[in-house]
Amino acid sequence: MTTVHDTAATTFAGDLSVWPASTAEPRPGDLAVGGVPLAGVADRFGTPVYVLDEAEVRDRCRIYRDAFPDTEILYAAKAFLCRAMIHWMQEEGLGLDVCSAGELELAVTTGFPAERIVLHGNAKSPRDLESALRLGVGRIVIDSPSEIARLAAAVGPHGHQKVMVRVVPGISAGGHEKIRTGTEDRKFGLSISDGYAQHAIARILDQPQLELTGLHCHLGSQIASVKPYLAAVRRIVGLMARLHEQHGLLLPELDLGGGHGIAYRPGEQALDLTTLARKVRTELAEACAAAGLPVPRLIIEPGRAIAGPAGIALYRVLAVKRTGSHTYVAVDGGMSDNPRPALYGVRYAPRLVGRRTSADRAPVTVVGRHCEAGDVLATDVELPADVHPGDLLAVPVAGAYHLSMASGYNLVGRPPVAAVRDGHARLLVRRESLEDIRSRDVGL
C-alpha cells in the first residue's frame, strides 16, 4: 500500500515538466542538465549562478521555425542577451529585436547582421537613434509622434530608413496588470481608436526618407490564449484597409510582437504555438481577403518562450528560520538577481538538488538575502523538511528576465552565466566582482 508520504516524494522526484528536456536524475536527488550535474556547476562557478541549456535554446528556436515557416522570427533580446546567445540566434536563423544602443551594439560587434535587427523603444535616446542609423539597423519601430521629425532629421534629406509604427489595438492580454501593453492606458504605441496612429502614419508618409514597411503590435507578456492575437489581427487589418482607402497604401509587413506564455510551475498553461500559428495564419488570410488586401508578411518576437525554460538559477541556503507557523529558507541571492516575484508576483517551483533525502515535504517560503520584506523568491512551496544551510536549491525557468533585470542592490554583484551542453559547462558571462563595483566609483 502506498502512503501519502511515498506519493508526495514520488511526485516531487519525478515531475520535471518545466525543466529543460535534457534534465536527468543520474542519482536520486542529483539533477543534471545538458549532461552536467547541477551540483558540479555550483561548485565550479559558485552561487548564485544562472545555468543555460544551449540545446534547449536551439531546440526552441527550431520549434518556432517549424511552427511559423513563412514568418520572420525575431528574438526579443530584452529577455536575455549575451554574445553566445547572439551567436546562437544567428546560427538558428532568427533575427533580433533590441530596445537600446547597448543591445544593438553588442549584437553588431558580435557579428550579427544589422539589417536583421529591429529597434524598439517607447522613448529612444539620441544615442539609440544614432547607433541604429550608423550601424544600419533593418527597421526602427516608431512609438510616438515626436520620433518622426527627430528620426527624419537624423536620417537626413538624402538618407533612407525603413520604419514601422507601433499601434495599440485596445486589447487587454497578459499574465499581470504590469505586463499588459495592448490597451490605451499604457505608455506604449499609438492608439487605433482615437486616430493617433492614422495621424502619425500620414506624417511619416510626408517624409520621403522614411519608408513605412508595416505596423507593429505587442499585446503584453505571458499570454496563454490565442484569442487576443486573433482580435489584434482583425483590428490591425481594419486599420490597414483604412490606410489603403485614404492613401493607397499597401503595407507588406505585420509584426504581432511576442508575449507567448510559458509554464513556470508544473500544471501551468503555456501558449500552444502550433495552434497560434495555424489560427493567426487563417485569421490574417481571411481578414485580408475580406478587405481586398494582399496578405502581409508576418513577424513575431518571442523572447521569454525561447530563453526562459532553458535557464536554471542555483542558490546556496544560508539560513533556515521558523517563525510562528512559517518556515523561511534564506538563500545567497534574491531580488537583485530575480526581481520578478517582487515586481509582479511571479511564482516559481524551487527544488533541492545535490543530495538524497527521504524527509517529508513541508511548506516553506524561499527568501533572498536583501534588506527588503518583499525579497521573496517563492512563497509556500514544498521542500524537504530537513533543508538546512549549505543545501543547494535550483529554480527552473530562470532564463528570461533574470540577469537582464538584475540590479546592484546592496552591492552584492550580479551572478555569472554558465552554458551546459553534451556533458560540458562553460562560462558565458562572468560574475560581477567587488572590483568591478569599486572601479565604477570614481569620486572622493
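Contact here means heavy atoms within 4.5 Å. Helices (H or I, at least four residues) and strands (E, at least two) are DSSP runs, numbered from the N terminus. This is a predicted model, where local features need pLDDT of at least 70, side-chain atom pairs count only at pLDDT 80 or more, and totals for chains, interfaces and linings use all residues. Residues are numbered from 1 along each chain as its sequence is written, and side-chain values use heavy atoms, with hydrogens and water left out.

**Helix packing**

Glu54, Val57, Arg58 and Cys61 of H3 touch Met85, Trp88, Met89 and Glu91 of H4. The residues of this contact split into five nonpolar, three charged and no polar. Ala, Val, Leu, Ile, Met, Phe, Trp, Tyr, Cys and Pro count as nonpolar, Asp, Glu, Lys and Arg as charged, and the others, Gly among them, as polar. The axes of H3 (residues 54-67) and H4 (residues 83-91) come within 10 Å and cross at roughly 35°. Axes are lines fitted to C-alpha atoms, for helices over the stretch in contact, and angles run from 0 to 180 degrees between N-to-C directions. The crossing of H3 and H4 is right-handed, which applies if the near helix is turned clockwise from the far one by less than a right angle.

**Strand pairing**

Two strands pair if DSSP finds at least two bridges between them. An open antiparallel sheet of three strands has the order S1-S2-S3. S1 (24-27) and S3 (36-37) are the edge strands, each with a single partner, so one side of each lacks a neighbour in the sheet. Elsewhere, S20 and S21 form a hairpin with two residues between the strands, and Asp422 there takes a positive phi near 50°. Two antiparallel pairs are set out below.

| Pair | Bridges | A bridge partner pair |
|---|---|---|
| S1 and S2 (residues 30-33) | two | Arg27 and Asp30 |
| S20 (residues 417-421) and S21 (residues 424-429) | five | Val417 and Val429 |

**Cavities**

The structure holds three cavities of 30 Å³ or more. A cavity is a set of points, on a 1 Å grid over the protein atoms alone, where a 1.4 Å probe fits but cannot get out; lining residues have an atom within 4 Å of a point. S4 gives the most, with three residues. S4 (49-53) and S14 (311-323) each supply at least two. By class, the lining has eight nonpolar, three polar and no charged residues.

Terms used:
1 Å grid on protein atoms, 1.4 Å probe; cavity = no way out; pocket = protein on both sides within 12 Å on 5 of 7 lines; lining within 4 Å. Points joined across faces, edges and corners; volume = space filled by probe spheres on them.
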